[in-house]
Each structure stands twice: as C-alpha cells, then as structure tokens.
Amino acid sequence: MLTKKQWEHCLEVIDEMFPDAHCELVHSNAFELTIATLLSAQCTDQLVNKVTKNLFQKYKTPDDYLSVPLEELQQDIRSIGLYRNKAKNIQKLCEKLIKEFNGEIPKTREELTSLPGVGRKTANVVMSVAFGIPAFAVDTHVERVTKRLGLCRWKDSVLEVEETLMKKTPKERWSKTHHQLIFFGRYHCKAQNPQCHQCPLLDLCREGQKRLKKGLVKQ
C-alpha cells in the first residue's frame with residue numbers, strides 16, 4: 001500500500017499532467033449541475049452535455065420540469081441510459097426543492113442526499129463544484145486509479161476509498177485532486193488499455209508493474 005509520502009508524490013505528478021482538470025459537465029448554476037450529475041450515472045459526461053444543451057434551454061427552474069407530463073421529460077432525455085427512472089427522479093427532486101428548500105439546491109450533504117436520485121457521489125460533486133466545499137466524489141475513474149496505484153485495497157467499498165482519500169490528501173486539495181484523478185483515469189489510466197508503459201507513476205504502481213510483467217500492456 002502507498003504511504004502518505006508516496007501518495008503526495010503521485011498527487012504532484014498528476015497535478016503536472018492535468019493542471020487544468022475541471023468538471024466536464026456543462027452547467028451554469030447549482031441546479032443545472034445537480035440535474036446533469038444525476039443524469040450522468042452510468043453514462044458519459046459527453047452524452048449528458050449533448051442532451052443538456054437543449055434540456056437547459058427548455059427547463060430553467062424546478063417549476064419548468066413540473067410543468068410538463070413525465071412522458072415529455074422522458075422523451076427529452078431518451079438517449080440517456082435509465083432515462084425513465086431518471087426523469088421520475090428529476091420531477092420528484094423538483095417537487096422536494098419547491099416544498100422544502102424554496103426551489104434552491106441545498107448545500108449540506110445530508111440535505112442533498114435527501115433529494116430523490118441524489119446519492120453521496122452526486123452530493124459530493126455539487127458541494128465541491130457548485131459551492132466550493134471540500135469533498136471527494138468517488139466515481140469509477142477515481143476508484144480505479146486509487147486501487148491500481150495501491151492507495152486503496154481492491155476490496156474497499158466506495159465509501160472506504162473516499163475516507164482513505166480524505167485521510168491521505170490535504171483538505172485544501174480535495175476538490176482539485178478529485179478532478180485530476182478523474183482526468184488521470186479518463187485520459188491516461190483507462191479501464192481498457194491503460195498507458196502503463198509511458199506512465200510517470202509506473203515505479204510506484206503495483207497494477208502497472210504487474211501488467212507489464214504479464215505483457216498485458218500495448219506498447
């Protein structure tokens with residue numbers, strides 16, 4: 001397992017590789033970010049952005065989403081996976097926002113996760129990106145990278161990965177590191193064909209060394 005010092009070295013290297021890492025979900029406010037993040041479950045940011053380009057022109061407020069039949073909203077997001085369930089959650093979320101939060105996205109994790117369709121990962125994204133509150137959203141990229149590098153164990157749950165990241169990473173770097181780990185996983189340490197042979201962290205990466213030894217990495 002990586003020591004705290006080794007992890008800090010990893011963070012420095014990843015910071016050099018992706019200094020401008022950022023949230024790639026296109027949005028203009030906390031409400032749009034919440035909707036976009038909800039839609040992004042089991043779906044690429046690229047596809048979400050394609051759908052929200054028109055969606056966010058048509059629907060500006062929680063009231064707007066409730067002013068149309070569920071079937072119409074489902075059609076508007078039809079190209080996204082699980083669109084029926086996501087459309088239901090969006091309307092339920094909007095109802096709750098109006099009834100309990102004056103139509104505004106709340107800032108605490110407890111309140112955010114009380115919203116339909118909003119889990120811990122989505123709440124952490126909204127807290128970090130929309131409100132600048134330090135948080136680690138552990139998506140598939142973050143989980144893969146931390147486990148391959150050996151910061152976390154393969155058997156660790158998503159929550160355990162989040163807790164390890166918070167413990168080993170300086171709090172003031174959480175939000176930035178979250179995006180940089182996503183970029184590292186999305187564009188370098190990919191699920192298929194990771195670029196181990198040219199990775200500056202290969203000397204520390206147990207998974208990369210194992211892959212090279214077994215000849216699993218394409219040159």
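**Figure 1. Leu 82 in the loop between helix H5 (70–76) and H6.** In this predicted model, Leu 82 has a positive phi of about 60° although the residue is not a glycine. Most residues other than glycine have a negative phi.

**Figure 2. Asn 102 in the loop between H6 and helix H7 (109–112).** Phi of Asn 102 is near 55°, again a positive value in a residue other than glycine. Is Asn 102 buried or exposed? Asn 102 is exposed, because its relative accessible area of 74% lies above the 50% cut-off for that class.

**Figure 3. A positive surface patch formed by Arg 78, Arg 84, Lys 88 and Lys 92.**

**Figure 4. The salt bridge between Lys 176 and Asp 15.** The structure holds 10 salt bridges, and the one shown here joins Lys 176 to Asp 15. The closest N and O atoms of the pair are 3.2 Å apart. Which helices does the pair connect? Lys 176 lies in helix H11 (residues 174–187) and Asp 15 in helix H1 (residues 4–17), so the contact ties together parts that are 161 residues apart in sequence. Lys 176 is partly exposed, with a relative accessible area of 44%.

**Figure 5. The salt bridge between Glu 143 and Lys 147 within helix H9.** The closest N and O atoms of Glu 143 and Lys 147 are 2.8 Å apart. Both residues lie in helix H9 (residues 140–149), with a spacing of 4 residues, about one turn of the helix. Glu 143 is partly exposed, with a relative accessible area of 22%, whereas Lys 147 is buried at 5%. The two residues fall into separate classes because the limit for a buried residue is under 20% relative accessible area.

**Figure 6. The salt bridge between Glu 207 and Arg 211 within helix H12.** In this pair, the closest N and O atoms are 3.1 Å apart. Helix H12 (residues 206–214) contains both Glu 207 and Arg 211, which are 4 residues apart, about one turn of the helix. Are these residues buried or exposed? Glu 207 is buried, and so is Arg 211. Elsewhere, salt bridges that share partners join Glu 24, Asp 45 and Arg 186 into one network.

**Figure 7. Leu 112 in helix H7 and its separation from Lys 155.** Leu 112 is located in helix H7. With 0% relative accessibility, Leu 112 counts as buried. What separates Leu 112 and Lys 155 in space, C-alpha to C-alpha? The distance is 28 Å, and the two residues are 43 residues apart in sequence.

**Figure 8. The segment annotated as "domain: HhH-GPD", residues 39–187.** This annotation comes from an unreviewed UniProt entry. Over residues 39–187 the chain is 65% helix and 0% strand. The C-alpha atoms at the ends of this segment are 21 Å apart.

Definitions and conventions: Residues are numbered from 1 along each chain as its sequence is written. This is a predicted model: local features need pLDDT of at least 70, side-chain atom pairs count only at pLDDT 80 or more; totals for chains, interfaces and linings use all residues. Side-chain values use heavy atoms; hydrogens and water are left out. UniProt positions are given in the numbering used here, feature names are shortened, and annotations may be inferred rather than shown by experiment. Helices (H or I, at least four residues) and strands (E, at least two) are DSSP runs, numbered from the N terminus. Patches are made of residues with over 30% relative accessible area and no salt bridge: like charges are joined within 9 Å, nonpolar side chains (Val, Leu, Ile, Met, Phe, Trp, Tyr) within 5 Å. Accessible areas come from the Shrake-Rupley method with a 1.4 Å probe; for residues, only the protein chains shown count as cover. A salt bridge is a side-chain nitrogen of Lys or Arg within 4 Å of a carboxyl oxygen of Asp or Glu. Lys and Arg count as positive and Asp and Glu as negative; His and the chain ends are not counted. The place of a charge is taken as NZ of Lys, CZ of Arg, CG of Asp or CD of Glu. Buried means under 20% relative accessible area, exposed over 50%, partly exposed in between (1.4 Å probe, protein chains only).
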